[in-house]
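Please keep the sequence and the model open while going through them.

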Amino acid sequence: MEPLVACIEAGRSYGDSEALLPVSCEVGLGDRIAIMGPSGSGKSTLLYLMAGLDLPTRGIVTWPAFPADSLPHPRAIAMVFQGASLLMPLSVVENVALPLLLEGASEADALARAHQSLRLLEICPLALKLPEELSGGQAQRVAIARAVATRPLLMLADEPTSQLDKITAAHIVDVLLDAADATGAALVIATHDADIAARLEQCWSISDGRLMTERSAA
């Protein structure tokens, strides 16, 4: 089976600073991967390249399993950012439906899929609340619901628990794993938390922009 995303000697520089040294790696359908490293190590840069949100300054990133007409920014990739990044004037259900509307879905279909995603995340009671009324954990669950609503093949989460307490963080990882299982998506989580990394089947280590190892977390 072709990989969902393949980095081939892909690196990223910003001016004279190398955020990510050339790296070759692949993510396949159903993979559960943690990318572990300290802040500033290159984790986010690698995820942005995988998502097609940034371009490598050397090497290439390809998405072999995606239709050619969906490239270079495959729609079936969802990104969960470090902060929930919700739009403050919109309700929870409107925030979840927004990416679907931007993709051309009808309002009725977008709202139906948004409510379905909220049910999956068990946060239906939050549907009409505004972001300012949510706790940090609730807001992050809404961000995950927004990602799941697009029915991605690949979910990328960039330090999704860094601003949460241990109990809430563990629950957010539960939610990400359950959502990936429910949709059949691959899941890649960038984290500096060893407890989170241990819960995924693979753990990659990155330091100073260099992908050091690719190993099983078992």
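This is a predicted model: local features need pLDDT of at least 70, side-chain atom pairs count only at pLDDT 80 or more; totals for chains, interfaces and linings use all residues.

Which residue of β4 is the bridge partner of Gly 11? The partner is Arg 58.

1. The pairing of β1 with β4. Strand β1 covers residues 5-14 and pairs with β4 in the antiparallel sense, over four bridges.

2. The pairing of β1 with β2. Here too the sense is antiparallel, and the two strands share seven bridges. Ser 13 is placed opposite Glu 18, a residue of β2. β1 and β2 form a hairpin with two residues between the strands, and in this hairpin Gly 15 adopts a positive phi near 65°.

3. Burial of β1 and α1. Of the 10 residues of β1, seven are buried, so this strand is largely enclosed by the rest of the structure. Helix α1 is mostly covered, with seven of its nine residues buried. These are Lys 43, Thr 45, Leu 46, Leu 47, Leu 49, Met 50 and Ala 51. The reader may note that Lys 43 is among the buried residues. After α1 comes Gly 52, which has a positive phi near 80°.

4. The packing of α2 on α4. Helix α2 (residues 92-102) and helix α4 (residues 136-149) have axes that come within 8 Å and cross at roughly 30°. That angle makes α2 roughly parallel to α4. The crossing is right-handed. On the α2 side the contact is made by Val 92, Asn 95, Val 96, Pro 99 and Leu 100, and on the α4 side by Val 142, Ala 145, Arg 146 and Ala 149. Seven of these contact residues are nonpolar, one is polar and one is charged.

5. The packing of α3 on α4. What angle do α3 and α4 make where they pack? The angle is about 125°, and the axes are 9 Å apart. This makes α3 oblique to α4. The crossing of α3 and α4 is right-handed. From α3, Arg 113, Ser 117, Leu 118 and Leu 120 meet Ala 145, Arg 146, Val 148 and Ala 149 of α4. The contact residues divide into five nonpolar, one polar and two charged.

6. Leu 118. Is Leu 118 buried or exposed? Its relative accessibility is 0%, and Leu 118 therefore counts as buried, the cut-off being under 20%. Leu 118 belongs to helix α3, which spans residues 107-120. Apart from neighbours within four places in sequence, Leu 118 is in contact with Val 92, Val 93, Val 96, Ile 123, Cys 124, Ala 127 and Ala 145. Among these, Val 92 and Val 96 also take part in the contact of α2 with α4, and Ala 145 is a residue of α4 that α3 meets. The C-alpha atoms of Leu 118 and Ala 149 are separated by 8.6 Å, although the two residues are 31 residues apart along the chain.

7. Positive phi outside glycine. Glu 122 has a positive phi of about 60° although it is not a glycine. Glu 122 is in the loop between α3 and α4, and at 65% relative accessibility Glu 122 counts as exposed. Arg 151, likewise a residue other than glycine, has a positive phi near 55°. Arg 151 is located in the loop between α4 and β6 (154-158).

Key. Residues are numbered from 1 along each chain as its sequence is written. Side-chain values use heavy atoms; hydrogens and water are left out. Two strands pair if DSSP finds at least two bridges between them. Axes are lines fitted to C-alpha atoms, for helices over the stretch in contact, and angles run from 0 to 180 degrees between N-to-C directions. Angles under 35 degrees count as roughly parallel, over 145 as roughly antiparallel, 65 to 115 as roughly perpendicular and the rest as oblique. A crossing is left-handed if the near helix is turned anticlockwise from the far one by less than a right angle, and right-handed if clockwise. Contact means heavy atoms within 4.5 Å. Ala, Val, Leu, Ile, Met, Phe, Trp, Tyr, Cys and Pro count as nonpolar, Asp, Glu, Lys and Arg as charged, and the others, Gly among them, as polar. Buried means under 20% relative accessible area, exposed over 50%, partly exposed in between (1.4 Å probe, protein chains only).
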